[in-house]
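Please open the model in your viewer and keep a selection tool at hand. The stops below say what to select next and what is there.

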Amino acid sequence: MTLLHEKPRPRRLLSIQALRGLAALAVVAYHAARHLGKAVDASALTRFTQPGHAGVDLFFVLSGFIILHVHRRDIGRPNRLGRYAWQRFVRLMPIYWIALAATIATMLVGHADDVTAARVALSASLLPVSQDPLLGVAWTLQHEMLFYSAFALLLTHRGLGLSCLALWLLWGAAQASGALPPAFDLPRFTSLFNVQFLFGMAAALAVGSGRIRRGGRLAACGGLLLLAVGVLEASGWIDGYASFARLAYGVPSALLITGLASWEGRAERQIPRMMVFVGEASYSLYLFHLLGIGIAWQVWLRSGIDAAARLPTCFLFLMAGALACGFGFHLIVEAPLLRWLRSLPPGRQKATSTRTVSA
């Protein structure tokens with residue numbers, strides 16, 4: 001099996017799109033509970049939603065899967081590099097820049113001191129520096145940019161790209177195990193979060209091989225393992241922020257994705273349209289959910305209702321604010337903007353494979 005192995009595959013992977021939606025909802029619930037916990041005693045709620053941060057782990061594995069699934073035929077073809085770069089830019093940067101601008105405007109209204117020209121430039125570039133961008137959740141996009149760059153080497157030269165990915169994996173593993181001195185530690189480069197992209201690529205290879213016969217069972221197994229790790233974290237048995245957790249969440253995520261994609265590829269499946277829509281809007285939801293939570297919280301405060309006495313209701317209200325903000329931006333701005341950008345000359349050269357799932 002090679003990265004250039006060609007096998008028929010489904011034109012659309014709606015189950016993978018829906019899974020992105022679930023990952024986004026998990027992150028929203030995690031942040032809504034913590035926002036509420038800053039004002040009132042919401043310890044039970046925050047403990048229950050604690051594993052929601054693992055939606056990021058699932059996102060990273062999904063990203064590795066989707067990029068290889070979509071661009072597999074471009075590997076070793078340098079002439080495809082320009083199209084690949086354009087597609088990655090269109091999908092990632094314009095929407096992020098709008099979210100970053102909204103964040104900066106909000107911070108300036110609040111007279112924040114850390115909005116400097118240098119910080120704005122670094123945030124806008126998504127360069128993999130150790131400092132988080134001004135839009136806090138965008139630290140994940142710094143990892144995405146690293147992965148996109150590494151994958152671009154595969155397009156330029158297959159051997160060079162594979163060597164780079166292997167060295168990246170070994171570097172991160174060696175740093176996490178303590179085999180390398182602290183001087184070699186570059187947080188964004190050596191984080192085990194990056195290994196999860198490779199888990200996703202492995203899942204794409206497994207699906208592309210066509211050898212997964214019982215995808216439904218594999219997906220159920222992966223889902224149950226993912227749930228079990230979440231329960232262990234919520235119960236305090238494991239530290240969900242430790243390096244080990246990147247493997248504990250990443251491996252089941254890869255099994256779940258492999259199973260779902262294989263399951264959907266063997267027959268026509270009915271995937272709830274609402275979850276597919278949430279998946280389509282997941283990027284906007286991820287970037288704008290904190291703004292929505294903040295707005296909803298201010299509305300709640302002005303209502304005069306005691307948040308502690310109405311904890312579940314307040315939590316759902318914050319969730320609703322996040323969803324309204326994310327979905328609204330997706331429908332009004334993101335979807336039309338993406339359609340226009342993809343209609344430009346570089347976007348018209350899309351291969352059939354790019355329609356399998358929104359990358």
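The value called pLDDT is the predictor's confidence in each residue, on a scale from 0 to 100. It belongs at the start of this tour, for what you have open is a predicted model.

**Confidence along the chain**

Colour the chain by pLDDT, whose average is 89, with 92% of the residues scoring at least 70. Then select residues 1-10, where the pLDDT is below 50, although this stretch has 29 contacts in the model beyond near neighbours in sequence. Select residues 349-355 next: here too the pLDDT stays under 50, and the model has 12 contacts for them beyond four places in sequence. Where pLDDT is low, the predicted coordinates should not be read in detail.

**Helix α10**

Select residues 215-234, which form helix α10; its 20 residues should span 28 Å at 1.5 Å a residue, and its end C-alpha atoms are 28 Å apart, in agreement with that expectation. Within α10, show the side chains of the buried residues, Gly-215, Ala-219, Gly-222, Leu-226, Val-229, Gly-230, Glu-233 and Ala-234. They lie on the same side of α10, because they cover an arc of only 140° around the axis. An α-helix has 3.6 residues a turn, so residues three or four places apart point the same way.

Move to Ser-253, which lies in helix α11 and, at 1% relative accessibility, counts as buried. Leaving aside residues up to four places away in sequence, Ser-253 touches Leu-58, Val-61 and Leu-226; Leu-226 is one of the buried residues of α10 that you have already displayed.

Next, select Arg-246 and Asp-57, whose side chains meet in a salt bridge with an N to O distance of 2.7 Å. Arg-246 lies in helix α11 and Asp-57 in helix α3 (residues 55-71), so the pair ties together parts that are 189 residues apart in sequence. Arg-246 is buried, with a relative accessible area of 4%, and Asp-57 is buried too, at 0% relative accessibility.

**Other salt bridges**

How many salt bridges does the structure hold? There are six, and the remaining selections in this part take you to others among them. Side chains of opposite charge can pair when their charged atoms come close.

Select Glu-334 and Arg-91, which form a salt bridge whose closest N and O atoms are 3.0 Å apart. Glu-334 lies in helix α14 (residues 311-343) and Arg-91 in helix α4 (residues 81-109), so this pair ties together parts that are 243 residues apart in sequence. Glu-334 counts as buried at 0% relative accessibility, as does Arg-91 at 6%.

Go on to Arg-188 and Asp-132, where the side chains meet in a salt bridge of 2.6 Å, N to O. Arg-188 lies in helix α8 (residues 187-190), while Asp-132 is in the loop between α5 (117-125) and α6 (139-156), so the pair ties together parts that are 56 residues apart in sequence. Arg-188 is buried, at 9% relative accessibility, whereas Asp-132 counts as partly exposed, at 36%. Finally, select Asp-74, Arg-80 and Arg-83 together, for these are linked in a network of salt bridges.

**The loop between α5 and α6**

Stay with the loop between α5 and α6 and select Leu-126, which has its place there. Is Leu-126 buried or exposed? Leu-126 is buried, with a relative accessible area of 1%, and its phi is near 60°, a positive value in a residue other than glycine. Most residues other than glycine have a negative phi.

**A last stop at the cysteines**

Select Cys-314, which is buried with a relative accessible area of 0%. Its closest cysteine sulfur is in Cys-325, and because the two sulfurs are 17 Å apart, they are too far from each other for a bond. Counting sulfur pairs within 2.5 Å as disulfides, the model comes to zero.

How values were computed. Residues numbered from 1 in each chain as written. Predicted model: local features only at pLDDT ≥ 70, side-chain atom pairs only at ≥ 80, totals over all residues. Heavy atoms only, no water. Buried < 20%, exposed > 50% of the residue type's maximum accessible area, 1.4 Å probe, protein only. Helix = DSSP H or I, 4+ residues; strand = E, 2+ residues; numbered from the N terminus. Expected span 1.5 Å × (residues − 1). Arc of directions from axis to C-beta. Contact = heavy atoms within 4.5 Å. Salt bridge = Lys/Arg side-chain N within 4 Å of Asp/Glu carboxyl O.
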